[in-house]
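Dear colleague,

I am passing a structure on to you, together with some notes on what turned up in it. Please look it over alongside the text below.

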Amino acid sequence: MKYIQFLFIFFNSSSALYANSDISCLSHYVGRNQLIYHIKNLPFSSDSRVIKKQAFEVSESMKVSDWVMTELRKKSFDFLNENSKKEIIDLDFLCLGAGPQCAAASLVLGHSKFSSLVVERSDYVAKTFAEKDFYINSSELDQLSMHQFPGGLGDLADYTSFEFAHSQQLATHIQVQQLISKVPVLFNTEVVEIKKVEDREAIKFLFKTKNGLRFRVKNILVGSGLGDIATKVSDPNYRDFFSSQYELHIKQPKQLQLVMTTDTFLVTKKLMDCESRVMTLPRRIAVIGDGDGSKIVLESLLTKSVVLHPETEIIWVGNEYKDFSDFYRSTKGFTRYLQGIFPFYEKRMITGVKGYIQSWKKNSDGSFSMTAEDVVTKKVSDFTSDMIIDSTGYVSFVPTLKQWIGASQTLKDEVGELNELDLKSTVLARRMVDSVTSKELNVYLLGASAGNLASRAELMNSPNKNPVSIFNTVPRTSSFLSYLTQTSKFPSYRGKKSSRQKVISSYEMIERIKLKLAEVN
Ligand SMILES: Cc1cc2nc3c(=O)[nH]c(=O)nc-3n(C[C@H](O)[C@H](O)[C@H](O)COP(=O)(O)OP(=O)(O)OC[C@H]3O[C@@H](n4cnc5c(N)ncnc54)[C@H](O)[C@@H]3O)c2cc1C
């Protein structure tokens, strides 16, 4: 209940900066007709009826999520009870990481004869979307869904009537797919060691988890996503400080730290919001990186629970755009972040710094001095900030896995067809290869953990240009698993639909899930 109350605060809460910003000025840059389109479709509305509708729809999805997660936890206990006498649990397939890839894989595995399990180190399915509050950047349109799960239940449009759903709604949609697959998930189960062993002439893998479980598996499906929170800034002193700040975040997630990442910032913000606490930010904030992560963070600063200094200065490293016209041109028609970034440009709060961080130093007054070098012109800029939001990226789990099982650096492309895209041959997943014998191992990397699977040419014609988006990965995973398990492929329409369905109530959705669960596979 507390959470639902907070949602209303979240949605009702554009900051003074946003309220004072004349969004209609956007038309100066993007044209009047386009502006009407943007305002209708973009997440932050100033119309109280729209805000209430958004909040209501999110709270309904939250109810479904609570029910689904409870069911998933029950299944988890059932699995552990059934296997409690075993010293080691034998499985055909072990999926690592309970994100969208393992949900898509589970939908296929649940229809196969193979014993399968998902292990997840957090206590959530789809934690990327469940642990933070943000609006996603992939669209749910009237005739196109970017979140379709072949063989799954429903669409994201069952939860949202808007183009850009809230992260909680997408989390719910993914959790539902995992539950109806009937493949159990073990939570709080971090894999800490995997060994390759010869077992009656076949290669198997022995898993150890932090909570003391042991598995012997024939096939590993890796759905560990982009990876762990990390920085790409190379300065060693900065890296040490970054690590110590991350450790502090883990110990005290409700506290603002001096160096945060997109993920830690949004997690802390959500936890503080839940306690109705405001987040007061210092004057100079360096945002490092210009990918989606940095833009999600910037628009989160517009919510009322964030108190900005009246003379806020955002030093945006990697973003070279001097003004909003420049920034608008750089988006090449992808309008999702215009609304959230515009107020900062309009109030002249953004200073763009081209290049990569070259050096970093902590000053005696607690501020940070940094330099950034433009790789082309070699021009070096220096600046000072009081806080850093580092949105430079993640470190993949895959190199660790390769080391554990003795796999070579090179991966083998698993090529197949994607009929719904008219692709006769495309990379669906990647496979590990033994570094000594060069034999193919039954270890498959799915979605983001495999790197970029969609080719540049394919992305050029795709309505979603992000190679690791659900739209460009989940149909591949589903298709690949059907091939691997020799089961018939689920129909996949690449998100195409004739019309948008109406949002349904949490009650109706839960009833639909119950019916689906009652079906015999
Ligand atoms: C902030 C953010 C916003 C995004 N927004 C969108 C969007 O709007 N639309 C879109 O289509 N895509 C979006 N993406 C990209 C992409 O779709 C997501 O990253 C997606 O969640 C990737 O799915 P996945 O299943 O590959 O991995 P993830 O969802 O990242 O799941 C991996 C799971 O593996 C677990 N794990 C890792 N290591 C271990 C281990 N050793 N033992 C046990 N468990 C482990 C992790 O805890 C995690 O839960 C976004 C990504 C990020 C980071």
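The notes that follow go from the domains to the salt bridges, and then to a helix, a loop residue and a surface patch.

This is a predicted model, in which local features need pLDDT of at least 70 and side-chain atom pairs count only at pLDDT 80 or more, while totals for chains, interfaces and linings use all residues. Residues are numbered from 1 along each chain as its sequence is written, and side-chain values use heavy atoms, with hydrogens and water left out.

The protein is divided into domain 1 (53-227 + 396-518) and domain 2 (230-395), with bounds that come from an automatic or database domain assignment. The C-alpha centres of domain 1 and domain 2 lie 31 Å apart. Between them, 14 residues of domain 1 are in contact with twelve residues of domain 2, contact meaning heavy atoms within 4.5 Å. The buried area between domain 1 and domain 2 is about 1200 Å², of which 54% comes from carbon and sulfur atoms; buried area here is the accessible area (1.4 Å probe) that two parts lose on being put together, summed over both. On the domain 1 side, Lys132, Asp133 and Asn137 lose the most area to domain 2, together 40% of what that side buries.

Two salt bridges are found across the interface of domain 1 and domain 2, a salt bridge being a side-chain nitrogen of Lys or Arg within 4 Å of a carboxyl oxygen of Asp or Glu. The side chains of Asp133 and Lys270 also form a salt bridge, at 3.8 Å from N to O.

In total the structure holds 36 salt bridges. One of them joins Lys63 and Glu60 at 2.8 Å, N to O, and because these residues are three apart in helix α5 (residues 48-82), about one helical turn separates them; helices (H or I, at least four residues) and strands (E, at least two) are DSSP runs, numbered from the N terminus. Lys63 is partly exposed at 39% relative accessibility, whereas Glu60 is buried at 9%, where buried means under 20% relative accessible area, exposed over 50%, and partly exposed in between (1.4 Å probe, protein chains only). In helix α10 (residues 262-274), Asp273 and Lys269 are four residues apart, about one helical turn; their side chains meet in a salt bridge at 3.1 Å, N to O, and both residues are buried. A network of salt bridges links Lys412, Glu414, Arg431 and Glu440.

Helix α13 (residues 338-346) is mostly covered, as eight of its nine residues are buried, among them Ile341, Phe342 and Phe344. Just after α13, Arg348 takes a positive phi of about 55 degrees.

Gln255 is found in the loop between α9 (236-251) and β8 (259-261), and is partly exposed, with a relative accessible area of 36%. Leaving aside its neighbours within four places in sequence, Gln255 is in contact with Met260, Thr268 and Arg277.

Finally, Val376, in the loop between β15 (368-373) and β16 (380-385), counts as exposed at 70% relative accessibility. Together with Tyr356 and Val375, Val376 makes a nonpolar surface patch of about 350 Å²; patches are made of residues with over 30% relative accessible area and no salt bridge, with like charges joined within 9 Å and nonpolar side chains (Val, Leu, Ile, Met, Phe, Trp, Tyr) within 5 Å, and accessible areas come from the Shrake-Rupley method with a 1.4 Å probe, only the protein chains shown counting as cover for residues.

With best regards
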